[in-house]
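This report covers selected local features of one protein model. The sequence and structure come first.

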Amino acid sequence: MSYLGKSPYYKEVADQGVEIFCLLAYLGDQGINSTSGIKPFRPSFWLGDNTFDFGVIQKEFETLTRAKPDAKVIVRVHLDAPQWWQQQNPSEVCRLPSGQSLRVSYASEKWRKDAGMALHALLNWIKKSEFNANLIGIHVAGGGTEEWFYHYKDFFYDESPARKALFQKWLREKYQNRVARLQSAWKLPTVTFDNAELADISGATRGEGLVVKKENLRLLDSYAFHAYVILDNVRYFSRLVKENSQGRLLTGAFYGYHLFVHDPRRGHGSLGELLQCPTIDYLSSPNDYRRESGLDWMPMAAIKSVQLHGKLWLAENDTRTSLTRLLRDVAPDINPPGDWYSSAVWKGPVTLELSESFLWKNAGRMLAYGYGGWWFDMWGGWFSDPALLAVFRNVNQLSKTYGATAESARIDYKPEVAVVVDEKLQFYDATLGRITGALLSNRYALGNSGTGFDVYLRSDLDSLTKRNYKVVWYLGLHELTASEKRIINTLQSKTPTSLVTDPDGTSVYQRRQLENRLLGKVSWSAEELRRLFSKAGAHIFSDQNDVVYAGNGWLTIHCKEEGKRTVRIPTDWRLSDVRQEKDYPVDHGTVTLNAKKGETFLFRIH
């Protein structure tokens, strides 16, 4: 994948055995976000009512197929409306308090219908073109940075008639068209389905603490609707793709950023519901953007839940390298004024060696946890070095040789630590994410705890009863239901150690016996977690704050600091160093690594 794809870049990757490529198509004609001022990467192909220019799409395919004629293609279609459509449909755009407009309202049913027709037109054109054999899927995209975030500047406003009408329709369905139920829930005797207004979720004012559900149902309904709109758009457009292709094409979308994006105004928070959608095949996010050496760059969602529901998780590995150049230097006509795309997050490591290590780290995580991903050569040329390209070739070969599951592995190791998180905690967070972010920042310590772990959504809590974890960490589960309390009691009776963390602190349980209450201890260190995990009987591979990925017959150690370390492995394991293509010496259940800072070791378990 590349925003600035060129045939030479496609060819160098294709030569490594990469077969699937992502191309771009835009309905809209504005930049991918409404805050930075970035210019569009491509022209819109939607020029007017039933008027399209597919020449821009043809150029996309031609640029790729010159390098690889048989490339398999997923087209990422950004579904935001173009400016001409917004001018023709003033009631269907976000209306600000000043009376000004800001892009399309995602609550607009007319936009969905018209954008759906444009999507059908694109699919029908490809069917009739010479590129139909290349097409294998559509990535439905929209919103800020194509990731289904609401567009807004500082504060969120959408006072459009379209949004108000859809909200009232949504309330009728939720409260079964019984106004007495709505009035009781909202504690407003004068509210009806015809005059109901959303609560102010602009962010102009912020509260403190977590709200109580029964006292704030109008606010919580507003956030639930806010997330529902995005959820339902993803479902709508993915269904159109399946219907148009008679089920042939894959469908996917960016969604579910609850571990990293904690502001409920962004519009995520309904991943559990989206996982029930039969017309979505995969979901995606970039890796955590704290891209420091020695840290775990987790996906932004609870991927164990994604997999439980039969969906594929695809990581967007937009990994910066020492070859990464700033957008202003590569495409100054697209780069906005100022330093938005010049900050540290847009720069790669200084050395090629560390760049290569980061790519192996990406690969090791995907292999161990059984998910996929793509390499995002964002501005082009980020991977244009033999050492970096060799990672792609070797990882593809490893995947083909060993498969994507543990079936080919003699050792069936599974993580012994489970973490349960609540994607909807952000709805209750009156601080607009500060409390949620503080709780979920424990993911960094978790990543350096020296062992593997699975992350689940709260909505999949009951699935943990089918597994035997040594530790279960309930991280920020707000206002448990009676059913959830019963499930947790059952799990605590069979789990050696349970942690229950909320904004006030953490309770530690040992086989249902309360060990202690650590008031105020919301944030944990890697060392503290490691001691708890070890006491519970979980296998600790490294006590050096290294990042460890283990599972599916793979073991990856990404070393936080330079120096010698002893890695403990189960005594019946044998290891092959796949980077060096040789067996690695094991001495009575230990291996010795002489590591550089940020070095990544990838082993196949035998």
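The text below takes up ring contacts, cysteines, a helix pair and backbone angles in turn.

This is a predicted model, in which local features need pLDDT of at least 70 and side-chain atom pairs count only at pLDDT 80 or more, while totals for chains, interfaces and linings use all residues. Residues are numbered from 1 along each chain as its sequence is written, and side-chain values use heavy atoms, with hydrogens and water left out.

A search of the whole structure gives 44 aromatic pairs; rings of Phe, Tyr and Trp (its six-membered ring) pair if their centres lie within 6.5 Å. One aromatic cluster is formed by Tyr106, Trp111, Trp148, Tyr150, Tyr152, Phe156, Tyr236 and Phe237.

The structure holds 0 disulfides, a disulfide being a pair of cysteine sulfur atoms within 2.5 Å. For Cys22, the closest cysteine sulfur is that of Cys277, and at 19 Å it is too far for a bond. Cys22 is buried at 12% relative accessible area, and Cys559 is buried at 0%. Buried means under 20% relative accessible area, exposed over 50% and partly exposed in between (1.4 Å probe, protein chains only).

Helix H1 (residues 7-14) and helix H2 (residues 55-67) have axes that come within 8 Å and cross at roughly 45°. Axes are lines fitted to C-alpha atoms, over the stretch in contact for helices, and angles run from 0 to 180 degrees between N-to-C directions. The crossing of H1 and H2 is right-handed, meaning that the near helix is turned clockwise from the far one by less than a right angle. Helices (H or I, at least four residues) and strands (E, at least two) are DSSP runs, numbered from the N terminus.

Most residues other than glycine have a negative phi. Thr145 has a positive phi, near 50°. Thr145 lies in the loop between strand S7 (135-141) and helix H5 (161-174) and is partly exposed, at 24% relative accessibility. Glu581 also has a positive phi, of about 55°. Its loop runs between strand S21 (575-577) and strand S22 (582-584), and Glu581 is exposed, with 71% relative accessible area.

Notes:
Phe/Tyr/Trp six-rings, centres within 6.5 Å; stacked < 30°, edge-to-face > 60°.
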